[in-house]
Amino acid sequence: MLNHAVLRFALEALIREPPKSYSSVRWWSKYEILKQVQRHFFAIRDMLPNIDVESAKTCVDGMTTALYLELCALVDAADD
């Protein structure tokens, strides 16, 4: 199993900014994560097959253009 810190470091190196994290105190933190994933969607999608975890590989199969468009619509609606 991969270490959380190793994955966080790899993601930070890939997207060149610290990954956002969830906080029960900051109610908007889920939106921050959603927006960051939307901004770096294709880089994250391309990184997942390189991880030797079957659940990550299965997740990549579901990341299609339709999912990306839905994510863009959610972020756009929240920005208005």
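## Starting at Glu17

Let's begin with Glu17, which counts as partly exposed at 22% relative accessibility. On this scale, buried means under 20% relative accessible area, exposed means over 50%, and partly exposed lies in between (1.4 Å probe, protein chains only). Glu17 forms a salt bridge with Arg39, and the closest N and O atoms are 2.8 Å apart. This pair links distant parts of the chain: Arg39 sits in helix α2, Glu17 in the loop between α1 (4–15) and α2, and 22 residues separate them. A salt bridge here is a side-chain nitrogen of Lys or Arg within 4 Å of a carboxyl oxygen of Asp or Glu. Arg39 is partly exposed too, with a relative accessible area of 44%.

The structure holds two salt bridges. Arg26 and Glu32 also meet through their side chains in a salt bridge, at 2.5 Å from N to O. Glu32 is partly exposed, with a relative accessible area of 22%, and Arg26 is partly exposed as well, at 26%.

## About the model

A word on what you are looking at: this is a predicted model, in which local features need pLDDT of at least 70 and side-chain atom pairs count only at pLDDT 80 or more, while totals for chains, interfaces and linings use all residues. Residues are numbered from 1 along each chain as its sequence is written, and side-chain values use heavy atoms, with hydrogens and water left out.

## The overall fold

Of the 80 residues in the protein chain, 24% are buried.

Contact means heavy atoms within 4.5 Å. Among contacts in the protein chain between residues at least 6 apart in sequence, 46% join residues at least 24 apart. The protein chain exposes about 5900 Å², and carbon and sulfur atoms supply 61% of that area. These accessible areas come from the Shrake-Rupley method with a 1.4 Å probe; for residues, only the protein chains shown count as cover.

Which residues does Gln36 touch beyond its neighbours within four places in sequence? Gln36 is in contact with Ile15, Glu17, Pro18, Pro19 and Lys20. Gln36 lies in helix α2 and counts as buried, at 5% relative accessibility. Its side chain makes a polar contact with the side chain of Glu17 at 2.6 Å. The side chain of Gln36 also reaches the backbone nitrogen of Lys20 at 2.7 Å. For a polar contact, a pair of N or O atoms must lie within 3.5 Å; within protein, one must be able to donate a hydrogen and the other to accept it, and residues adjacent in sequence count only if both atoms are side-chain atoms. From C-alpha to C-alpha, Gln36 and Lys20 are 7.3 Å apart in space, and they are 16 residues apart in sequence.

Ser29 also belongs to helix α2 (residues 29–39). Ser29 is buried, with a relative accessible area of 0%. Leaving aside neighbours within four places in sequence, Ser29 is in contact with Ser21, Tyr22 and Ser23.

## The end of α1

The 12 residues of α1 should span 16 Å at 1.5 Å a residue, and its end C-alpha atoms are 16 Å apart, which agrees. The expected span of a helix is 1.5 Å times one less than its number of residues.

After α1 comes Arg16, whose phi is positive, near 60°. Most residues other than glycine have a negative phi. Arg16 lies in the loop between α1 and α2 and counts as exposed, at 74% relative accessibility.

## Two sides of helix α5

Helix α5 (residues 65–79) has 15 residues and reaches 21 Å from its first C-alpha to its last, close to the 21 Å expected at 1.5 Å a residue. Which residues of α5 are buried? They are Tyr68, Leu71 and Val75. Seen down the axis of α5, its buried residues fall within an arc of 65°, so they line one face of the helix. The arc is that of the directions from the helix axis to the C-beta atoms.

Cover for the buried residues of α5 includes α2 and α3 (41–47). On the face of α5 turned away from its buried side are the exposed residues Leu69, Glu70, Leu74 and Ala77.

How values were computed: Helix = DSSP H or I, 4+ residues; strand = E, 2+ residues; numbered from the N terminus.
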